[in-house]
Amino acid sequence: MFQLGIFVKLKKHQFLFQELVHRDFTQKYKRTVLGIAWSVLSPLLSLMVMNLIFGTLLGSEIEHYTIYLFSGQLVFSFFSDSTNEGMASLLNNADIFTKVNVPKYLFLFSKNVSSLINFTITLGVYFLFVLVNGIPITWKFILLVYPVFCLVVFNLGMGLILSALYVFFRDIQYLYSIFTMLLMYMSAIFYSIETFPQVGRNLFLLNPVYVYIRYFRKIVIENTIPSAWFHLIAAGYALIAFGIGALIYKKKNHSFLYYV
């Protein structure tokens, strides 16, 4: 299967992949005064602003509102950063793969590793906030590995789709910026969906990002393990996105050379 072949080729080109990851991560903070500290400061500043704006309106209605908000922002920022960075990964590396025969998805995967590193650093800060808010860290927190893994696979799939589309249609970057803005408002980051009718709440499950956010909140805030059905939904979105992306790359692999 093509999906399994991806990981075989990653092992074969391990050195190149490591160099790409190092390059992408260092370039992101090149010529910045604070450097990698921005990976923590940026989400914290966004959290502070959103907390000031929405905390007075909704904070009293939602338990542990700061963590509720942070959970949504943490997951959504990882998704947004990963997919936006990955969208231009093919075009930005056209000078390499047009001259050397290497798997083109290596450039996308390296971008995702860079985003994953930033996410991991912010996740550490998130756990500190959890402790400060008086939420006990239990064994159930280990289960957060599941939505993180699903989100990584989902991000890779979306990145494969977006980077391929971006090669053929440059307008996709503008359409996607509008889409991510709408998706943010539809992911219940700063508001609760409990006041919605049951049909409306079920519709939120059509949003993969909301599903991963909801998983975090169930474990951290509610101290409950999501149902088996919820686990299947989370995995299903990840596998579908990755499968579609992998199929596009397989079908259009040679076409990329004519459009970059």
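How many residues does the largest nonpolar core have, and which of them have the most contacts inside it? The core has 67 residues, and those with the most contacts inside it are Phe 79, Tyr 126, Phe 154, Tyr 212, Phe 216 and Val 220. By nonpolar core I mean buried Ala, Val, Leu, Ile, Met, Phe, Trp, Tyr and Cys residues joined through side-chain atoms within 4.5 Å; buried is under 20% relative accessible area, with a 1.4 Å probe and protein chains only.

This is a predicted model, where local features need pLDDT of at least 70, side-chain atom pairs count only at pLDDT 80 or more, and totals for chains, interfaces and linings use all residues. Residues are numbered from 1 along each chain as its sequence is written, and side-chain values use heavy atoms, leaving out hydrogens and water.

Helix H8 (145-168) is among the elements giving two or more residues to this core, and its twelve residues are the largest share. Helices here are DSSP runs (H or I, at least four residues), numbered from the N terminus.

Leaving aside neighbours within four places in sequence, Phe 154 is in contact (heavy atoms within 4.5 Å) with Phe 79, Pro 208, Tyr 212, Tyr 237, Ala 238 and Ala 241.

Now H12. Its buried residues are Phe 230, His 231, Ile 233, Ala 234, Ala 238, Ala 241, Phe 242, Gly 245, Ala 246 and Tyr 249.

Last, H8 and H9. The contact involves Leu 162, Leu 165 and Tyr 166 of H8, with Ile 172, Gln 173 and Tyr 176 of H9.

How values were computed
Buried means under 20% relative accessible area, exposed over 50%, partly exposed in between (1.4 Å probe, protein chains only).
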